Amino acid sequence: MKIDSFRSFLVFYKRGDELKKGNFMSERRHSSLIPLSHDHHQGLVLALRLTKRRSLAPESKWPRDLAGQAEATLAFYREQLLPHFHVEEEVLFPCLSPFLKPQETLVSDLIEEHKKMGGLIAELRSALHPGTRLDEILSRFGILLAHHIRDEERKLFPLFEERVPEAEARQIGEEISRALGREAPELN
Ligand SMILES: [Fe+2]
Ligand SMILES: [Fe+2]
């Protein structure tokens, strides 16, 4: 992954309030995918904070110190990203896989990125005590998360919308909502 791919993503960035939902979510996004897109919005807010090393929202309670940022990232991973990855791997990806061509590796690539993010989180946990390398790990995590979300929004979701029959897509939407069982919590 090149840093340029993240830069291009900053088209979604707005100074002051960090991200605006209207700019991020496709107008034609299938309703079944909207809960996942809401999570993606929050994931991008986190990714921007990690790559900018601060929040640009004036009222944000995002910690200024690296140890606080690491703790907040671990909490976000545990409470939001992990359940999100689980729903994708257990509900969304299995539904989409039969509609992919053998040479299309997007789903396996995305699963690999989930694992890489899990690995960075493990590194972050073990780096918390000595207090070293936190900035590097947080930055790598932010870049990978933004890249991952971009691929899901720009490649995976359009494939779902194009190829999964409507009745099946609606049923998957119900399963996603049931499995997530929550609205995407807003980052402070
Ligand atoms: Fe994912
Ligand atoms: Fe996702």
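Trainee: What is the handedness of the crossing of helix 4 and helix 5?

Mentor: In this predicted model, the crossing of helix 4 and helix 5 is left-handed.

Trainee: Why is helix 4 called roughly antiparallel to helix 5?

Mentor: Helix 4 and helix 5 (residues 106-127) pack at an angle of about 160°. Angles over 145 degrees count as roughly antiparallel. Therefore helix 4 is roughly antiparallel to helix 5. Their axes lie 11 Å apart.

Trainee: Which residues make that contact?

Mentor: Helix 4 contributes Ala70, Thr73, Leu74, Tyr77, Phe85, Glu89, Phe93 and Leu96. Helix 5 contributes Val107, Ile111, His114, Ile121, Leu124 and Arg125. By class, 10 are nonpolar, 2 polar and 2 charged.

Trainee: What makes helix 4 roughly parallel to helix 6?

Mentor: Again, the angle. Helix 4 (residues 66-96) and helix 6 (residues 134-163) pack at about 25°, with axes 12 Å apart. The cut-off for roughly parallel is under 35 degrees, so helix 4 is roughly parallel to helix 6. Helix 4 passes helix 6 in a left-handed crossing.

Trainee: Where do helix 4 and helix 6 meet?

Mentor: On helix 4, at Leu66, Ala67, Gln69, Ala70, Thr73 and Leu96. On helix 6, at Leu134, Asp135, Leu138, Phe141, Leu159 and Phe160. That contact has 9 nonpolar, 2 polar and 1 charged residues.

Trainee: What is the average pLDDT of the chain?

Mentor: The chain averages 85, and 81% of the residues score at least 70. Over residues 1-17 the pLDDT is below 50. Beyond near neighbours in sequence, that stretch has 21 contacts in the model.

Terms used: Residues are numbered from 1 along each chain as its sequence is written. Chains are lettered from A and ligands numbered from 1 in the order in which they are written. This is a predicted model: local features need pLDDT of at least 70, side-chain atom pairs count only at pLDDT 80 or more; totals for chains, interfaces and linings use all residues. Axes are lines fitted to C-alpha atoms, for helices over the stretch in contact, and angles run from 0 to 180 degrees between N-to-C directions. Helices (H or I, at least four residues) and strands (E, at least two) are DSSP runs, numbered from the N terminus. Angles under 35 degrees count as roughly parallel, over 145 as roughly antiparallel, 65 to 115 as roughly perpendicular and the rest as oblique. A crossing is left-handed if the near helix is turned anticlockwise from the far one by less than a right angle, and right-handed if clockwise. Two residues are in contact if their C-beta atoms, placed from the backbone, lie within 7 Å. Ala, Val, Leu, Ile, Met, Phe, Trp, Tyr, Cys and Pro count as nonpolar, Asp, Glu, Lys and Arg as charged, and the others, Gly among them, as polar. pLDDT is the predictor's confidence in each residue, from 0 to 100.
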